[in-house]
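Open the structure in your viewer and switch to a cartoon view. We will go stop by stop, selecting as we go.

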Amino acid sequence: MRRYKVRLTRDAELDLLRLYDFLLEKDLGAAERALKTIEEATRLLAFSPYSCRKVRRHNPFLRELVIPFGAAGYVALFEIENDRTVTILAVRHQREEDYH
């Protein structure tokens with residue numbers, strides 16, 4: 001089985017900090033659980049990035065991972081760069097504005 005290296009852009013790292021800070025103001029436990037949930041979900045990308053839904057019909061390499069959490073969840077936008085690397089471009093709460 002092929003294993004991909006999963007990396008985050010600086011923007012994706014900043015998204016995670018922003019999401020964490022937002023929840024931290026309300027509930028430390030929820031903030032910690034959310035980050036853990038996102039981290040665990042993105043592990044899928046190391047083994048099966050093509051199982052996630054395409055963002056655009058004509059671009060099989062730009063995809064998004066839906067991450068359930070509570071009543072809504074998160075969406076990670078990522079690109080399959082080559083046969084070894086997957087790059088997470090952005091992470092948003094499902095109720096945020098579109099990031100494509």
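How many helices and strands does the chain have? Count 2 helices and 5 strands. Keep in mind that this is a predicted model.

**Stop 1: the whole chain**

Colour the cartoon from start to end and follow the sequence. The pattern reads β-α-α-β-β-β-β. The radius of gyration is 13 Å, close to the 13 Å that the globule rule gives for 100 residues, so the chain is as compact as a globular protein of that length. Along the principal axes, the C-alpha atoms fill a box of roughly 40 × 25 × 25 Å.

Now show the surface. The accessible surface is about 6,500 Å². Carbon and sulfur atoms own 50% of that area. Of the 100 residues, 40% count as buried.

**Stop 2: the largest nonpolar core**

Hide the surface. Select Leu45, Leu65, Ile67, Tyr74, Phe78, Ile88 and Val91. Among the 22 residues of the largest nonpolar core, these touch the most other members. Which elements give two or more residues to this core? They are helix 1 (10–24), helix 2 (28–42), strand 3 (59–69), strand 4 (72–80) and strand 5 (85–93). In soluble globular proteins, nonpolar side chains tend to be buried together.

**Stop 3: leucine 45**

Zoom in on Leu45. What does leucine 45 touch, leaving out residues up to four places away in sequence? Its contacts are Tyr4, Val6, Cys52, Leu65, Phe78, Val86 and Ile88.

**Stop 4: alanine 41**

Move to Ala41, in helix 2. Leaving out residues up to four places away in sequence, alanine 41 touches Leu65 and Ile67. Draw a distance from Ala41 to Ile67, C-alpha to C-alpha. The two are 26 residues apart in sequence, and 6.4 Å apart in space. Across the chain, consider contacts with a separation of 6 or more: residues 24 or more positions apart account for 47% of them.

**Stop 5: histidine 58**

Select His58, in the loop between strand 2 (53–56) and strand 3. Is histidine 58 buried or exposed? Its relative accessibility is 74%, so histidine 58 counts as exposed; the cut-off for exposed is over 50%.

**Stop 6: the charges**

Finally, colour the charged residues. The chain carries 18 positive and 16 negative charges.

Definitions and conventions. Residues numbered from 1 in each chain as written. Predicted model: local features only at pLDDT ≥ 70, side-chain atom pairs only at ≥ 80, totals over all residues. Heavy atoms only, no water. Core = buried A, V, L, I, M, F, W, Y, C linked by side-chain atoms within 4.5 Å. Buried < 20%, exposed > 50% of the residue type's maximum accessible area, 1.4 Å probe, protein only. Helix = DSSP H or I, 4+ residues; strand = E, 2+ residues; numbered from the N terminus. Contact = heavy atoms within 4.5 Å. Rg over C-alpha atoms; globule rule 2.2 N^0.38 Å. Areas by Shrake-Rupley, 256 points an atom, 1.4 Å probe, with all protein chains shown as cover. Lys, Arg positive; Asp, Glu negative; His and termini not counted. Charge placed at Lys NZ, Arg CZ, Asp CG, Glu CD.
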